[in-house]
Structures are given as structure tokens and as C-alpha cells.
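Here is a short briefing to read alongside the model. Take a moment with the view below, and then we can walk through the domains and the ligand site together.

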Amino acid sequence: MKKITVIGTGYVGLVSGGGISDFGHNVTCADIVESKIKSLQEGEIPIYEPGLNSLVERNVTAGRLSFTTNIDKAIQDAEVIFIAVGTPQGENGEANISAVESVARSIGKNLNGYKVICTKSTVPIGTGDRVCELIRESMPENGEFDYVSNPEFLREGSAVKDFLWPDRVVIGATSEKAFEIMRDVYSPLYVNEKPMLHTNVATAEMIKYAANAFLALKISYINEVANLCEQVGADVHQVAKAMGQDGRISPKFLHPGPGYGGSCFPKDTHAIAALSKKKGTPMNTIDAAIITNNNQKKRMTEKLLNLVGGDFSNKTIGILGLAFKPNTDDVRESSSIDMIQAILEGGGMVNAFDPIANESMKLFFPNLNYCDSWETACNNTDAVAIMTEWNEFRGLSLGELKSIMKSPTILDTRNILSMEKLKEHGFKYDNVGRIKAL
Ligand code: UGA
């Protein structure tokens with residue numbers, strides 16, 4: 001059992017802290033935001049993430065997980081320190097690592113013996129060197145540490161599962177000793193024969209960006225294929241299915257939609273694109289993925305505009321789904337933001353409903369008509385747009401929907417509704433890359 005401190009209690013820090021304590025270690029999660037720590041100490045989880053509540057509760061009860069604002073002591077007490085603070089997108093597209101730098105200085109000041117310092121936050125390639133430099137500058141003369149990059153591959157909405165049952169664990173460490181310590185931290189996974197990759201620090205940092213940017217690229221690719229399918233009378237679902245049956249391609253992340261969102265793909269694609277330019281080896285593929293994604297979001301607004309006759313003014317639109325994907329209350333970079341913006345700019349009104357993300361969207365649009373059910377959101381509307389593929393929208397009764405709308409018009413940006421049924425009920429509809437039912 002190791003004594004571990006995780007600094008930063010965002011979704012990466014909390015899930016990692018909970019997961020590592022579940023592996024049997026003694027974990028302290030530390031954060032400078034007092035209100036966050038206070039609510040965690042009172043048993044409240046500040047983010048919506050399936051399974052996180054019970055993971056935290058189970059380990060707090062077992063005495064393996066605790067929360068503190070005393071970062072200095074948490075550093076002094078630990079053998080391994082995970083840095084899991086935010087790295088928001090800076091003005092030039094590169095990730096802003098000022099929070100990571102500030103944690104590095106605190107670690108240096110409190111380095112009272114050998115420790116492994118491990119970055120989990122997604123940081124620009126080369127940040128490892130900077131963190132080491134800052135620790136060395138502020139540490140006592142006898143300070144001793146090894147640095148590790150251990151990127152996370154957690155998806156919001158299934159982060160707990162992804163942490164406890166990962167596809168692989170990447171450990172970027174120059175020292176063998178640090179690698180062995182990290183292997184102990186993840187020992188239950190190692191015992192279960194999950195692949196553990198030992199790389200150098202820059203490689204580990206690169207793996208994270210390369211993986212996220214590739215997934216973003218894959219989505220942009222299938223979205224462009226979908227758009228072309230519409231022009232040539234092909235069906236993108238069949239195209240994606242057949243493509244995915246080729247083991248070299250894999251069927252995952254080939255689902256067309258309104259463009260990717262969230263806190264990771266938009267930020268990480270910009271970061272790797274900015275870095276590649278800075279290093280003089282531009283990644284044209286990633287630049288293209290970013291442009292395509294922005295265009296896809298815009299394309300959805302144009303599709304809706306066409307459905308309502310080219311004019312949003314005085315139209316009431318029901319928006320079903322605000323989160324950037326199901327099972328999260330996160331609306332950052334969600335395509336629903338672009339959609340709502342376009343409707344409001346065009347003089348329309350919005351009834352919005354998301355099973356859990358209404359509150360988050362109020363930060364972006366405080367004055368929409370937020371509803372507590374899809375039925376209320378769709379009542380008396382001129383059109384409805386499905387923006388997130390929540391299960392409850394997959395099963396909505398089209399008969400009931402039609403009976404409450406002013407005009408049965410629907411844009412299904414996630415392709416979750418049966419076109420045969422839409423046609424049967426007399427809906428005017430559009431979706432992404434499908435052959436429309438005649
Ligand atoms: C993503 C990665 O999948 C994780 O592996 C990574 O750890 C995480 O970023 C991170 O860097 O922290 P996440 O942003 O939570 O995870 O969400 P995804 O499930 O990857 O979805 C991202 C966006 O792509 C969503 O808007 C989703 O609707 C869209 N998407 C996904 C598609 O449009 N089509 C697909 O086929 C798949």
C-alpha cells in the first residue's frame with residue numbers, strides 16, 4: 001500500500017483518486033478550492049459521473065480516501081504525487097499550464113524525501129522538462145524525485161469504468177525505480193495483465209495527444225463521408241458498418257453527428273496543431289479535422305434553418321439534449337451551443353431540455369426556456385432538434401410528439417430515430433448522411 005496524493009479534484013483527479021484508493025492505496029485528494037473540498041468531505045460529488053459517487057463513498061468508508069485543502073502537508077505525506085489540475089486552452093491554441101507550474105513549485109518547496117511526481121493532466125509535449133525545472137528550482141538541497149508522465153484516457157460518462165478497466169496504462173518514466181513504483185500503484189491492473197507501456201516522458205505526452213487527435217480526425221472524416229453520402233444517395237451507416245468490419249479500421253468512433261464537443265477533443269486538437277506549427281512540422285490532417293468540425297456544427301444549423309423554411313424569426317424550437325454527449329452534464333463545446341446561438345440570432349425562441357445538463361447550459365444561455373421533460377420542451381414548437389443521443393430520446397413516442405408540436409418537423413443530428421416511423425407519422429425531417437425514407 002502506498003501513500004498517494006492527487007492534486008486537483010476535477011473529473012480526472014477525482015476519478016483517479018477514487019480509482020487508486022480502490023486499488024488499495026491510501027489516497028489524499030487535495031485542491032485549493034475550499035468549497036469543493038468542503039462538499040467532498042460532506043460526501044457530495046461536485047460533478048455528474050456514473051459510478052463516481054459509490055467509488056468515492058466506498059473508499060472513504062474504508063478509510064483509504066480523504067480530502068484536504070492543505071496541499072503542503074498532502075505533498076509532504078505522500079510517496080507518489082499525481083498532478084491532475086486543469087490545463088485550459090490558452091489564447092494561442094496551446095494549453096495553458098500555469099496551474100501545473102504552480103503545483104510544481106509547491107511540490108518543490110515540500111519535497112522532504114524521495115517522491116515520484118506524476119502528471120496526469122493533458123499537457124503540451126515538453127511540459128515534463130518544465131515541471132522538473134520548477135521543482136528543482138524550489139526544492140531543498142537534499143530534495144530527490146523522479147518524474148513520470150501518466151496520461152489518462154478517461155471518457156466522460158464512463159470515466160470510472162475506463163479507470164478501473166483501461167485498455168492500457170502508459171507510464172513515461174526515465175528512471176526504472178519510478179517505473180517500478182508506478183507499476184505497484186497500478187498493481188491490480190498489472191496482475192490482470194493489462195498492457196503497461198514503459199516509454200520516455202515525451203513519448204507518453206505525445207501518445208495522449210496523438211490518440212485524442214486521431215479520434216477527432218476519425219469523427220471529422222466520417223462526418224465528411226456522411227455529407228458526401230447525402231449528395232450521392234448513399235447511406236453513411238452502412239458505409240461506416242462495412243468500413244468498421246475491416247479490422248484495420250475498427251467500427252468505433254465512426255458515428256456521424258453534429259460535430260464533436262467536450263473539454264478534450266477541441267482543446268487537444270488545437271494544442272497539437274499549435275505545437276506542430278511551433279516545431280515547424282504542421283499537422284495538416286488535424287487542421288482539417290478542426291475546420292471540418294466547425295463546419296459540421298454550422299451545417300446542422302443550416303439543416304434546421306432549411307427545415308423551418310429559411311427563417312428562425314418568431315419560431316419556437318425545442319432543443320433535446322444540451323450535453324456534448326450522453327451521461328454527462330458537461331456542455332463545453334457542445335454542438336447544441338452553436339445551434340441555440342443560431343436560432344437566437346435568427347430571432348427564434350428556444351425551449352431546452354436535457355436530462356441533467358440544463359443547469360450547466362444556464363451559464364452560457366441564462367434566459368432560455370428550460371424545461372423539465374421532452375414533452376414540455378416540444379410543446380407548441382415549430383421544430384425540434386435532437387442534439388444529444390440520450391436513451392430517453394431514442395424511445396420517444398413520435399405519435400405523442402406530433403400531437404404536441406405546432407408543426408411536425410424534426411432534425412435528428414444523432415441519427416437515433418427510425419426514418420420509416422418518422423415518415424409513417426408524417427414528419428418533415430432531416431438527419432446526417434442517411435437515405436431518406438420515401
Ligand atoms: C475523450 C477520449 O475519448 C478519451 O479517451 C480521453 O481520455 C478524453 O477525451 C480526455 O482527453 O480526457 P470525452 O471527451 O469524454 O473523451 O468523450 P468522447 O466519448 O470521446 O466523445 C467526444 C465527442 O465526440 C462527443 O461530442 C461525441 O458525441 C463525439 N463522437 C464520438 C462522435 O460524434 N462520433 C463518434 O463516433 C464518437
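The centres of domain 1 and domain 2, taken over C-alpha atoms, are 30 Å apart. Domain 1 covers 3-199 and domain 2 covers 211-290, with bounds that come from an automatic or database domain assignment. Please keep in mind that this is a predicted model, in which local features need pLDDT of at least 70 and side-chain atom pairs count only at pLDDT 80 or more, while totals for chains, interfaces and linings use all residues. Residues are numbered from 1 along each chain as its sequence is written, and side-chain values use heavy atoms, with hydrogens and water left out.

- Domain 1 brings 13 residues to the contact and domain 2 brings 11, where contact means heavy atoms within 4.5 Å.
- About 870 Å² is buried between the two domains, and carbon and sulfur atoms give 58% of this area; buried area is the accessible area (1.4 Å probe) that two parts lose on being put together, summed over both.
- Q89, E94 and I125 supply 44% of the area that domain 1 buries against domain 2, more than any other three residues.
- Two residue pairs, both at pLDDT 80 or more, are in polar contact between domain 1 and domain 2. A polar contact is a pair of N or O atoms within 3.5 Å; within protein, one must be able to donate a hydrogen and the other to accept it, and residues adjacent in sequence count only if both atoms are side-chain atoms.

**Around the ligand**

- The ligand is surrounded by 20 residues, the closest being F153, L154, E156, K208 and N212; a residue counts if one of its heavy atoms lies within 4 Å.
- A polar backbone atom of E156 is 2.6 Å from an oxygen atom of the ligand.
- For H255, a polar backbone atom lies 2.8 Å from a ligand nitrogen atom.
- G261 has a polar backbone atom 3.0 Å from an oxygen atom of the ligand.
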